[in-house]
Each structure stands twice: as structure tokens, then as C-alpha cells.
Amino acid sequence: MRVLRSDMSSWKRGKRASHSFWKQSIEALVVFSLCVKISGCSDVDELMSTYPLIDGHNDLALQLRIRHNNCLSQVDLHNLSKVSTDISRFKAGHVQTQMFAVYVLCGAQQKDAVRLTLEQIDVVRRMCTEYQEFELVTSVQELKDSKDNGKIACLISIEGGHSIDSSLPALRMFYQLGVRSMGLTHSCNTPWAESSSNFYPVYKRENNSLTSFGKVVVEEMNRLGMIVDLSHTSWNTSSAVLSHSKAPVIFSHSSSYSICNHSRNVPDNLLLELKKNQGLIMVNLHNTFVSCRDEANISHVADHFDYIRKLIGAESIGIGGDYEGATSFPHGLEDVSKYPALIQELLRRNWTENELAGVLRNNFLRVFEQVERVRDQLSSKLPSEVQIPFEEAHNPCRLILKRPDPRSPSSDQSSGAEEIAVEPHQSCAVLPSGRE
Amino acid sequence: MSETPLIDGHNDLPWQLLSQFNNQLNKVDLNTLANTHTNIPKIKDGRLGAQFWAAYVPCDTQYKDAVRQTLEQIDVIHRMCQKYPEIFMFATSSQDILDAFKMNKTASLIGVEGGHSLDSSLGTLRTMYQLGVRYLTLTHSCNTPWVDNWLVDTGSEPSEHKGLSSFGKQVIAEMNRLGMLIDLAHVSEEVMNQVLTLSKAPVIFSHSSAYTICPHKRNVPDDVLRRVNETKGIVMVNFYNDYVTCSNTASLSDVADHFDHIKKVAGADIIGFGGDYDGVPRVPEGLEDVSKVPNLVAELLKRGWTDEEVKAALGNNLLRVMSEVEKVRNKCTEQPKVPVKTFFHSIHLNQHDSDTSLLI
């Protein structure tokens, strides 16, 4: 099937006027007939043209930062080397909407995570406005319109609550910048939610996986209409959120724990809670989460789909490839052009067109619509003014501002500065200050 | 004042909301708030047509949580406008100001006061513009890694950059490209001159007065006033006693002297109002709060200012500057600025390696 797909691709590109044209056309005709005879790959193309993919998670923004320092002028996003994502391959893969993660390292928590997140949001916004193939979208309607306009829609998601520095105003401002989904943790606990990973020894606590402030964060996300994403959170946190959230939630890039018992995957009990919540699990394609080994193939991936469908129904499933955020992908799914191969396998396993339409896009649209409906229902609720108790934030870079002393003489506003309690000085930058 | 909106360049009510109420707007009623220069009845009496609300965080937040705190101040301004929609209309353009005026609302804009709020990041500048910020005061009372503040001119702090660093120049270029007003209140004189040379768009002083009348380093010397005139910018006069008379007390007449002086030296086309209410502890007799500003307008008329000159100072000059800044933005087709030097650092790469497996 892989060989056939690559021949199909070369057939698509083979429109060069030359002596090779006829040769290629005849070859393609042969291949095409074989293809239709064997399993109907034209069905996949047709299916995915009607229901082009909405993918839940891609870390291209991180690669742009690491490799190019967010200098978009240095790259051509139509064709990128050394990564798995670019516009050409999105088109080949029938990707119509991509949720781009504006991830910043956990090491930036208690330092400059907020600023770094703004920079990642900035690069996604620029990318999606500078390329006419992209369109930044912030609502279901805009997403649907972008399909009609033949665009690849960009959604922005935050990957890790450390990006908001325990600040609801920061959450609101991110929403205003277009962020429509937030993963509550990455691989580090926040002061208010727990990660599935123990790698960072921060904010450890017992029996308080989602704190009261964490619940307020979820409530504010519901009020704003921001999708709550539970990938990377601990199972206890996930369970607490599934109880608390008024809107459906997602796992933007996680797979089934029963098929591969990695802590990043979702166990059956949580899947059943997700079903009640009418949420969505967007299956991650990374080898380690698919086969629990360094290698995997499309069949391993499809097993996850089959299993989850059997447990909670196809309407609970989507795809969150995790391209650019992970390093090894199954044979046949090496990059974002290869999604059709996965759909092909599901077709072969007798998934119906309706079920696949759901997996590809309709399930996500349903969830996003419901999140917007909940927002509308909560429209009379005021923005939350809850602040995290200082001792819970426990952040050496967090300044306490005290009331200015009205008796102190000074210049404009500096009366406030003189009375401020300054926390012990520590470097709060991941990168050195004074840089140019 | 019924024909032209009074546009004030700088008000620190958001700072009062933070320092007095921790931004808990639910605990404040701006209709009855008593211990500030600004509240809704006073705004109405003062016929305030448009206000740049300062999103200010103290210099002590630099290298700490300045960015997050600035976002919180931007958020409180948005929420204030949402809470009192019959009074405030959030605005981001010269057209918005005119629209608000027609609806008898106070157009509410945002100015971030101090480059430390950016944490030396053009991405932060751009996203703050996206959040509605329309001016950036390059410094408050501290140097940033890329620009010097006014305290350098007093001798109490050393100059770090002799004005703007090369990154600072990139900030100016990016502000021109975005259409963000460059505010030179609080900067050193060297910065004033460098920016006046560099900027493709007119600049503002959102709350500074005339140095010749009161030789305080927060004020603007005559040669700079003339350059502001040449570049068609604006100096919005600050009412703080210490900058008006260089002493603890002042009167409305003293403030009018600043208006007269700037008109004499550089013309009526560069003058505006930048009261600095709620950011200072001492304001002049006769200008005790924002409701009193019409009395200053009356004084100018009494001193022989023409209607056109007064309307220019009230709002037309600022509208001209803003429109020109918007035009420069519209003409700019270059790529957005990203600093050329990489920020890669050994810590960063190590974290990437260790985090790679955890990215997923």
C-alpha cells in the first residue's frame, strides 16, 4: 500500500510536459486500476476530500523556534526539510485544519513561560496570516468557512498550564489572541494540576491533583469557550476535570492504555468517563504510545481505533498525530501526507463512511460546537477574579505588590514602587537577559 | 468641547484598581469610587472624550513577572470597559475615537508604560498590539536591556546604551511597522533625539511638560519641542505639580503656562492633554480631578487661544498623529522583525535534549 501511495503521489506531480509524460501516465493508469481493484484507494481520496482531516496536535511552532528562532523569513513553509510537516504534505494528506501547539518548555515554569508562550502564539499567527494557504480560525463557523474557501485552518492550542503562570487574566488574554484549547499540563505539574510525568520535581502534592484554583481554571475555560485538553495530565487530574467541566473535553494527542500501557495513554475507566462527557480522544501516532516499542506500523495504530470504538463508540474518536512533537512514527505514517494510509486501513477494517467522517472531522466539530454553546449559556457570568494563593504559586519570580504608602514623596507612580515587597532575587529568564 | 473630543494621553486608574483593589472590579463601583481622581461622574463632568489608560507595572517586575502582570493590567482595562459599556467604548484607532465621541462615550485605549513590560521580545510587542495596546512608553523609571530612561539625565543612574541599543532600534522599526505609537515620556534626552531621527512616524509624549518652565528631567526641552513640531508629533502636558512648577504646589494657571510656552516655541499643533491623573499624589489647585479639565480649556480661551488652537490641543492633534501612524503602518510591507542573533544557549539545548522524549 505504501508503494502504491508513493506512486499515486508521483502521478499527481507528474504533470511535466516532456517525453516522460506519456510513460508516467500509462504507468499511473496501470497503478490506478490495480489500486481500485485491490481496495479502492480512490475511495479514500474521495472520502478525505469530502471530510478532510482536523488534526488535534502538531508541534511545527516548536520546530520553527528550535531550528529557525521563529524567523519565518528564513523558511518556505511550502516545502520544509528535516521535519514532517509543510503545506505541500498537508495538502497531500488531506489535512484541512491543524491545531498548532504553542508549547514552551517546562523549564520555563517559574521563569519566562508567559513571554515564551506569547512568542509562540506570535509565530503561529504570523505563519497563518503570511501564507495564503493558511487561515487562522477561532470559531466553528470560521473553521467551516475555511473549508469552503479551500484553506488550511489554523487553530492555536496551549500545551501546558505553566504557560499561564497561574493567572486567569493571562488565560483570558491568550483567548483573545486566538487560543482555543489548553492542555492543563505538559510533563510538569502546575501549582493547580498534575502531570502524568514525574520528570520535574515541582509542585508535588498528595490527593490534590486538581486544586480549587485548578477547578476555577476549568470553569473560566468553560466560560470563555476554550477547549480543555487532558493529554499529559495525570489520570486523577483527568478524572477530576471530567467531573467538573460543563463542556466536553478532549485528549488532543493520546492513545489507548489497554493497547499500549504507557502513562501518556488513556485507561478504560477514563474513556468511559469521557464518553459520558461526550468528549473526544484524538489518537496519537507516535510509536512509543502506539506499540509501546520503538517501532510500529499502521495496523498497530488501527488497533487503537478499533479498541476505542468497541469501548465507547466511533463518535468519541479523532486524530492527534503529534507530528513534530515526537521523533518516531509508524512505517507508512512518517509525515502529515500519510494520513490517507491510516484511513485506508480503517476502511479495510470495515469502518463505515459515517464513522470515518466523524473521526476525520465531525466529532471534533461537535465537541467544539458544544464548547461554544456552553460559552453562550454562561455569557452572563462575569470574568473570574479568583487569584491563586501566593503560597500555592510558590514562585520566586512572582512579585507581591503592596499598597503604596500615601505619605511617601516621589515622582509619578514610583510611590508604588518604593513600597513593593520584592522577592529574593533570582534569575527569572530561561535565557540570559540583556541579550540582543 | 462639544465639537472635539478631549483626548487625554495618560491616566493610571488601572494602577489604582490594582494597588487598592487587586483588580477585583466586582468589589468596586466606578460610579461611586471616592478616593481617586477618576470616576464615572467626574469623567462625565470633565467631558472626557477619549482616554489612554495606562497598563503600568512597576520596574521591580523587570526580569521577573513583568509580562504576566502587564497582561493582567491589559485584562483589567478590557474588563472595565465590559463592565460599564454605556460609559466606555474600547478603541484601537483614530476612527474608533470619533465613533465613540458620536455615541457620547469615552473611547478607551491602552498604553503600556515601560519597555520592561515586553521582556525584550518583539513577539510580545506584536501580541500586545493584537490585544489592543496602541502606545508603548519606551521606559518607565528604569533602563531596559535596550533603552535608557530619564534618570540617566539626572545622574542617578548610568547610561547603559547611550540612548537606544541596536535592538532598541529594531523595536522602533517594528512599532512603526505595526502602527503602534512611540511614547517618549520617561525616556532620556538622548533617546528622545535618536527616536525623533529614526522613527518613520510621528511620536508622542503621553504625559510630559515643558522643561523651560520647570526644569525637571521628565519634561521636554525646547529643542526637542521644535523637533516634535518638525516631525508633527505631540506633547501631552502632564499636570503633576512637581513637573509643572518644580515644587509641591501648583495652580491651574501654572499648567496653562506650559501650554502657552509650547505654543510659543513649537506651535499649537503639537500640544495635547496628558494629565497623569491617579498616577501622581499632587495635582494643581483648580485641577483636583478629571472633572476640572474644562476649567483649563476655559483658561486657554481666556488667554487668547483661538477655537481652532484649543480644538487642536483637545483632540485634533492626537487624531492627526494617530492617523499618520496608521498610514505609516499601511505603507509598510516589510516582514515583521525577528532579532537576527539567535538566543540559543547551552541550557536551552540541554533542555531540548532531555525534554525531547517528554515533548510528546
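Modeller: Angles under 35 degrees count as roughly parallel, over 145 as roughly antiparallel, 65 to 115 as roughly perpendicular and the rest as oblique. The model is predicted, with local features needing pLDDT of at least 70, side-chain atom pairs counting only at pLDDT 80 or more, and totals for chains, interfaces and linings using all residues. Side-chain values use heavy atoms, leaving out hydrogens and water; residues are numbered from 1 along each chain as its sequence is written, and chains are lettered from A, ligands numbered from 1, in written order.

The contact I have picked joins the two chains. On the α8(A) side the contact (heavy atoms within 4.5 Å) is made by A:P169, A:A170, A:R172, A:M173 and A:Q176. On the α3(B) side, B:L71, B:E72, B:I74, B:D75, B:H78 and B:R79 take part. By class, these residues divide into five nonpolar, two polar and four charged (Ala, Val, Leu, Ile, Met, Phe, Trp, Tyr, Cys and Pro are nonpolar, Asp, Glu, Lys and Arg charged, and the others, Gly among them, polar).

α3(B) also has a partner within chain B. Helix α1 of that chain, residues 13-21, packs on α3(B) at an angle of about 105 degrees, with the axes 10 Å apart. That angle makes α1(B) roughly perpendicular to α3(B). Here B:L13, B:P14, B:W15, B:L17 and B:L18 of α1(B) meet B:Q73, B:V76, B:I77 and B:M80 of α3(B). The contact of α1(B) with α3(B) has eight nonpolar residues, one polar residue and no charged residues.

A:F213 and A:W192 are 21 residues apart along the chain, yet their C-alpha atoms are separated by 6.0 Å. At 4% relative accessibility, A:F213 counts as buried (buried is under 20% relative accessible area, exposed over 50%, partly exposed in between, with a 1.4 Å probe and protein chains only).

Chain A as a whole has 17 helices and nine strands, and buried residues make up 62% of its 436 residues. Of its contacts with a separation of 6 or more, 71% are between residues 24 or more positions apart.

Strand β4 of chain A, residues 152-159, has eight of its eight residues buried. Both of its faces are covered, with A:I152, A:C154, A:I156 and A:I158 on one side and A:A153, A:L155, A:S157 and A:E159 on the other. Strand β2 of chain A, residues 95-101, pairs with β4(A) in the parallel sense over five bridges (pairing needs at least two DSSP bridges). A:A101 has A:S157 as its bridge partner in β4(A). Strand β3 of chain A, residues 134-136, also runs parallel to β4(A) and is joined to it by three bridges; there A:F134 is partnered by A:I152.

In chain B, two loop residues deserve a check of their backbone. Most residues other than glycine have a negative phi. B:N104 has a positive phi of about 60 degrees although it is not a glycine. Its place is the loop between α4 (94-102) and β4 (106-113) of chain B, and B:N104 is exposed, with a relative accessible area of 59%. B:C246, also not a glycine, has a positive phi of about 60 degrees. B:C246 lies in the loop between α10 (241-244) and α11 (252-266) of chain B and, at 36% relative accessibility, counts as partly exposed.

Notes
Helices (H or I, at least four residues) and strands (E, at least two) are DSSP runs, numbered from the N terminus. Axes are lines fitted to C-alpha atoms, for helices over the stretch in contact, and angles run from 0 to 180 degrees between N-to-C directions.
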